[in-house]
Structures are given as C-alpha cells and as structure tokens.
Amino acid sequence: PRLWNREICDAIDGRLLDMLPTPTAPDAGAGWVTAEASRQFGIPEGIPVATGGGDNMMAAIGTGAVEDGSLTMSLGTSGTLFGYSSVPVADPQGIIAAFCSSTRGWLPLLCTMNCTVATEQFRDLLLISLDDIDALAESIPAGSDGLMVMPYFTGERIPNLPRARASIQGMTLGNTSKAHIMRASMEAAIYGLKVGLDSLQALGMNADGITITGGGSRSRVWRQIAADICGLPIRLPVHADSAALGAALQALWYKNRVIDGKPDEITEIVRSHLSAGDGEVILPSKDAQSYRRGYEEYRQYLEILSPKYT
C-alpha cells in the first residue's frame, strides 16, 4: 500500500502524520453520497463517489496518459509536462517530481511557474487582444530574431529560483516590436518545458509524441512552437476539458467495479472513450533547427542569470 513518509512528515511537524487522511487506491472509491449530502447538494443518495485526484492526475487520464510511453503537456497559468510510468521514477537532479498517478501507477512531472502568466502579462502591457496573438506571433520568424524572454514573473520552481525576476534579453533596434515580444514569451514557456522533456528522456521515459492541453493549447502558433522546440509530434486531445473528462473516466472505472462487478482496467476504459487518431497532430517543421540554437541560448542565459537569484 502507498503510505505517507513518516520521516518527511515529522520534519514538517510532529503532528502532521495524524492529521493526514489514509491514502486510498484510485479504484477503491471514497464512499457513497450520504442522505445529508443529498439534501444539501441535490445529488441522489447512494451514488458512489470516486477517489479523485489532483488536476494533473485527472488530466493524465483525460489525455490518455495511462500507459508507459505517453506524455502530456499543459499550457496553463503554470506549465506542466508529465507522463505515466508503471514504476517509480526518482530524479536525482530534482527537476522531475515523483508523483503518484490516479490510476495505480506513477506520474513523473515537471512544473514551471510561468506559462500563460508571461503571455498574459505582456498582452496586457502591450494592449494586445486575445484574438490577435496568433497573427502577431506568426509574423515573426522562429527565434524572434534573437529576442529572449526569461519569463520569471512569479519566481520559478524549475529551475529552483524562487527569487528570480523576469527579463528580456538580446534586444536590438530590430526585434523589440509587440509581435517579437509576444512570440518570444510563447517560445520561452516551451523552452522551460523542454528542460523537463530532456530530464524525462534521461530518466528513460521516451515517447513518440506529446498530447497538449490547457488554455495555451488553443493557439495554433503555440502548438507549432511546442512541436518544433520539443522535436516531437504534438497531439490535440479530442476533448478539450481533459481534467474534467479524466475525473469522469475514473468515476466510471469505480462504478464498473463496485456497482456492475466488471473488473475493467482504466486503460480499457480510456481507450474506449479516447481516440488518439481523431485529434489534430502537429508535426515539427523546418523551424526545429532554429529552435535547437534558440534552446541552447536559453540555457546559456539561464546559466548566466541564475547566480543573481540564488
């Protein structure tokens, strides 16, 4: 069984272990809707309640990341990159967090603090409408003519720089337009996630593509940037609300086992409700070569600036 780590809990507070709930298996469920809950929320009494999980854990189910070799990227306020693993994955570098999945496996995960945070900050500052982002970014070549955004508006988790600050590097008279800054901020978010992709691959987690979700995934330009920087096909899920779908599929898993007595595996349920072939697939373009150089520049800027914030 999965247990809380007493040593870590005691290091935080000697009382913590007694305050935490007992870990529950993803398919064991959390119980049933009580009469009191039914009266309060209008949900019929007796309905089984699934175990649930975190937002990324539910998004993993909703994007099909329930088997080895599947990766999901989420472009939200923060950026995340994660994949299913049937065995625990521990990163000695501390870049990848060792989460449990909500499907009885593990979910090695990278999380950056600044994804749509950066694009929204620049969009507000430069008075750019949401509808104009793609057209502006599309007018600028890959690499933004050398402009590099370090998008640490809220510090940063990976790299571990909580006191970091955002900056724009490589400015010239020819690359400081609204369009350059907007595209560079989009590129920067993916450069940060590419650090996690490199780490996952170094830990033996390889994939033939990445499923993309989150608000940023609605941008066709951002999807192409992700494919080019990561060097992998980017797949759009059939259902946009991946986390909500994942929660529903986990609930169905529990219902099938508890009420219907069907010992379905979550992989079977996910396959029957998701069809990877139905979503759009974005392949890396000729710009991938430019982004290899851009990524190296990003890493160099990161190496130079990091000592200032440590």
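How far is the sulfur of Cys230 from the closest cysteine sulfur? The distance is 11 Å, to Cys115, which is too far for a bond.

This is a predicted model, in which local features need pLDDT of at least 70, side-chain atom pairs count only at pLDDT 80 or more, and totals for chains, interfaces and linings use all residues. Residues are numbered from 1 along each chain as its sequence is written, and side-chain values use heavy atoms, with hydrogens and water left out.

**View 1. Cys230 is buried**. Its relative accessibility is 7%. Buried means under 20% relative accessible area, exposed over 50%, and partly exposed in between (1.4 Å probe, protein chains only). Of the 310 residues of the protein, 47% are buried.

**View 2. Cys100 is in no disulfide**. The nearest cysteine sulfur belongs to Cys9, 13 Å away. Cys100 counts as partly exposed because its relative accessibility is 35%. A disulfide here is a pair of cysteine sulfur atoms within 2.5 Å. By this rule the protein has zero disulfides.

**View 3. The charged side chains number 25 positive and 34 negative**. Lys and Arg count as positive, Asp and Glu as negative; His and the chain ends are not counted. Each charge is placed at NZ of Lys, CZ of Arg, CG of Asp or CD of Glu. The centres of the two sets lie 2 Å apart.
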